Amino acid sequence: MQDEPLLEVRDLHVWFGLRRWGFGHAGVVRAVDGVSFTLRPGEAAAVVGESGSGKSTLAKAILGLNRPAKGQVIFEGKPLDSLKPREMRWYRSQLGYVQQDPYGALPPFMSVRRILGEPLVINKVGSKPEREQRIREALEEVKLTPVEDFLPKFPHMLSGGQQQRVVIARSTIMQPRLLVADEPVSMLDASVRVEILELLQKQQEAHNLLLIYITHDLSTARHFVQRILVMYAAKIVEQASVEQLLDNPLHPYTRALIAAIPEPDPENAATFKDVPPGEPPSLLHPPTGCRFHPRCPAFMKGICDVKEPPDFEPQVGHLVACWLYERGQVES
Amino acid sequence: MKENSLLYAQDLRLYFRTTRGAVQAVDRVSFTMDRRQALAVLGESGCGKSSLARAILRLLPRNVHTYSGELFLNNQDLMSMGEESFRQEVRWSGISLVAQAAMNSLNPVVRVGEQVAEPLEINQHLNRREARDRVRELLQMVGVPEDFLNRYPFELSGGMRQRVVIAMALVADPYLVILDEPTSALDVLTQANIMNVLKRIKEEKSTSFLLITHDIATSSELADQVAVMYAGQLVEVSDAASFFYQPLHPYSRKLMASVPRLRGGEKPEFIPGQPPSLINPPGGCRFANRCPFRFDRCQEDPPLVKVEQERWVKCWLYSADEES
């Protein structure tokens with residue numbers, strides 16, 4: 001295709017051992033269990049999933065904060081597990097991370113100037129006046145103006161939305177090529193959310209960043225990314241462009257998710273929503289075969305509960321892990 | 001207006017004392033709720049939604065500056081009731097509350113069945129078996145499997161705990177249940193499930209609901225009536241059908257436009273600016289500084305006027321009708 005991939009995740013597994021009484025072995029939580037995808041520079045993709053689906057663990061593995069049990073994260077052709085400590089430092093300078101809780105992400109005793117200056121100092125960028133210049137530009141980009149007013153402020157003096165702008169400014173000040181935003185707006189008010197997401201989108205477009213937006217909210221993902229990866233019980237069940245996924249959802253889980261999301265419509269009060277029974281499975285003992293099979297309306301006995309579905313590609317660029325699409329694959 | 005209504009509030013105020021002055025969390029709020037109805041109170045965080053719930057249930061903190069107005073439940077004057085009779089006759093048996101994040105406040109060392117049964121044994125003097133039968137019935141209604149009665153809260157998922165908390169609110173058969181952000185911490189599918197449960201309760205038990213939320217889309221699942229709150233005041237009260245079709249107050253319109261839609265519709269917009277401080281809020285319309293339709297008259301405080309059948313708006317754009 002066009003560009004070389006910037007980030008490749010290949011058969012990634014992240015497992016957490018559970019201990020009993022502080023030691024002894026009680027089992028393994030398979031938080032990410034066989035995830036593969038490829039993303040190119042300048043792409044904006046969302047990983048959509050419910051809480052406990054493993055989306056944050058996936059984000060942390062991409063950031064190099066979790067050690068995968070199996071599989072690889074490959075950045076620019078270099079597998080992370082082969083990087084030496086110095087190369088890892090370089091990798092981290094290529095990364096931006098926007099956390100969910102902006103207040104928790106900002107050191108309370110540092111002024112905005114120091115918060116933004118810290119990454120530059122650590123990476124030994126420029127002279128003091130040059131750094132000051134970069135800090136000012138970063139604040140202007142996130143529209144915290146007049147800059148003079150915000151530089152000496154401490155995090156507690158800012159509103160939630162302003163705090164999140166500081167976090168975004170900090171995450172992009174090293175001019176990274178990959179930005180991971182883990183639920184960046186779920187702690188913010190509805191009226192501010194759109195503003196922050198627009199800002200992220202502008203940053204992404206202006207700097208040709210690869211943006212990975214981790215969220216539970218399919219409706220915001222629709223407006224701010226081009227590609228959506230749907231995660232269920234530690235696996236990616238469907239990936240496609242926004243249009244493909246929303247106009248023609250293939251996986252029964254994706255369909256249920258889309259059907260459950262309300263719009264402000266008075267008709268809603270008159271009807272009951274069709275929700276698949278049960279709850280997401282425990283990742284300690286996930287179901288055999290397809291993990292959605294106990295809740296699936298299209299369950300096929302003897303197939304779905306026995307064999308794990310691989311990714312099928314019924315349309316170009318539209319991958320779905322579901323046995324319904326075993327036939328009718330596109331020729332590749 | 002107040003005859004035969006379920007809940008009638010007139011000029012309700014709840015101000016808190018702080019070192020910098022009185023915070024006008026609930027300021028001259030008036031509304032009427034009918035029986036078997038669900039009223040959704042919508043607004044951003046800090047607009048006074050939860051304080052309104054506290055004002056209705058008289059759950060007041062120590063730093064109350066002003067608590068005044070009229071409040072009637074089934075034509076009974078709540079404001080003149082003494083604390084003890086209010087506690088016995090109104091709280092839980094008349095109006096119950098599912099507080100924000102209540103599902104995280106279940107007692108971790110008591111089985112959920114016992115927690116739900118407790119008010120039945122203590123207040124309604126049922127014996128253990130009667131209470132247990134009643135709890136079983138209730139939990140079935142909210143969709144909690146029977147064997148969960150003997151489990152501890154940590155063994156339940158968030159959605160199941162939320163159902164238990166809703167069952168607790170229903171245990172004394174109240175006329176009105178106040179739900180403060182009942183689904184905001186839950187996943188999409190769980191959220192749809194809980195809304196289904198609430199709809200069923202409304203149909204089967206004819207319970208009324210006051211739903212406090214910032215989530216307009218979800219509120220449309222339950223609401224018959226909508227009240228939009230901004231900076232401590234109600235700026236629009238409307239029947240749900242007309243509201244979701246076309247909100248009138250400029251703030252309501254902006255709020256509606258900020259909802260990201262999954263189907264059709266425009267790209268969502270944000271509301272520039274911030275709500276005013278509720279300590280010495282500006283005179284006149286409190287939304288004026290963020291309002292695209294601002295004009296001279298907005299320096300005066302607009303009244304909440306009736307503009308259509310079942311629709312009231314607090315905005316000068318709609319006050320001409322009243323004078324004619």
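Biologist: At roughly what angle do the axes of helix α5 and helix α6 of chain B cross?

Modeller: Please keep in mind that this is a predicted model. Helix α5 of chain B covers residues 158–170, and helix α6 of chain B covers residues 188–205. Their axes come within 10 Å of each other, and the crossing angle is roughly 20°.

Biologist: Are α5(B) and α6(B) roughly parallel or roughly antiparallel to each other?

Modeller: Angles under 35 degrees count as roughly parallel, and those over 145 as roughly antiparallel. The axes of these helices of chain B cross at roughly 20°. The crossing is right-handed. α5(B) and α6(B) are therefore roughly parallel.

Biologist: Which residues of α6(B) meet α5(B), and how do the residues of this contact divide?

Modeller: From α5(B) come Gly158(B), Gly159(B), Gln162(B), Arg163(B), Ile166(B) and Leu170(B). They meet Thr190(B), Asn193(B), Ile194(B), Val197(B) and Ile201(B) in α6(B). The residues of the contact divide into five nonpolar, five polar and one charged.

Biologist: How do the residues of the contact of α7(A) with α8(A) divide?

Modeller: The residues in α7(A) include Gly161(A), Arg165(A) and Ile168(A), and those in α8(A) include Val192(A), Glu195(A) and Leu199(A). The residues of this contact of α7(A) with α8(A) divide into five nonpolar, four polar and two charged.

Biologist: Against which helices do the buried residues of α4(A) pack?

Modeller: Helix α4 of chain A spans residues 112–122, and Val112(A), Ile115(A), Leu116(A), Gly117(A) and Pro119(A) are buried in it. α4(A) is followed by Lys124(A), which has a positive phi near 50°. The buried residues of α4(A) pack against α5, α6 and α7 of chain A.

Biologist: Why is chain A described as being as compact as a globular protein of its length?

Modeller: The secondary structure of chain A comes to 11 helices and 12 strands. For 332 residues the globule rule gives 20 Å, and chain A is close to that value, so it is as compact as a globular protein of that length. The radius of gyration of chain A is 21 Å.

Biologist: Which elements give two or more residues to the side of chain A that touches chain B?

Modeller: The contact takes 33 residues from chain A and 39 residues from chain B. On the side of chain A, the residues divide into 17 nonpolar, eight polar and eight charged. The elements that give two or more residues to that side are α8, α9 and α11 of chain A.

Biologist: Is Ile216(B) buried or exposed, and which residue of chain A does Ile216(B) touch?

Modeller: Ile216(B) is found in helix α7 of chain B, residues 216–219. A residue is buried if 20 or more other C-beta atoms lie within 10 Å of its own. Ile216(B) has 24 C-beta neighbours inside 10 Å, so it counts as buried. Not counting residues up to four places away in sequence, Ile216(B) touches Leu42(B), Leu255(B), Met256(B) and Val259(B), together with Pro264(A).

Methods:
Residues numbered from 1 in each chain as written. Chains lettered and ligands numbered in written order. Predicted model: local features only at pLDDT ≥ 70, side-chain atom pairs only at ≥ 80, totals over all residues. Contact = placed C-beta atoms within 7 Å. Helix = DSSP H or I, 4+ residues; strand = E, 2+ residues; numbered from the N terminus. Nonpolar A, V, L, I, M, F, W, Y, C, P; charged D, E, K, R; others polar. Rg over C-alpha atoms; globule rule 2.2 N^0.38 Å. Buried ≥ 20, exposed ≤ 12 C-beta atoms within 10 Å, placed from the backbone. Axes fitted to C-alpha atoms, helices over the stretch in contact; angles between N-to-C directions. Parallel < 35°, antiparallel > 145°, perpendicular 65-115°, else oblique. Left-handed = near helix turned anticlockwise from the far one by under 90°.
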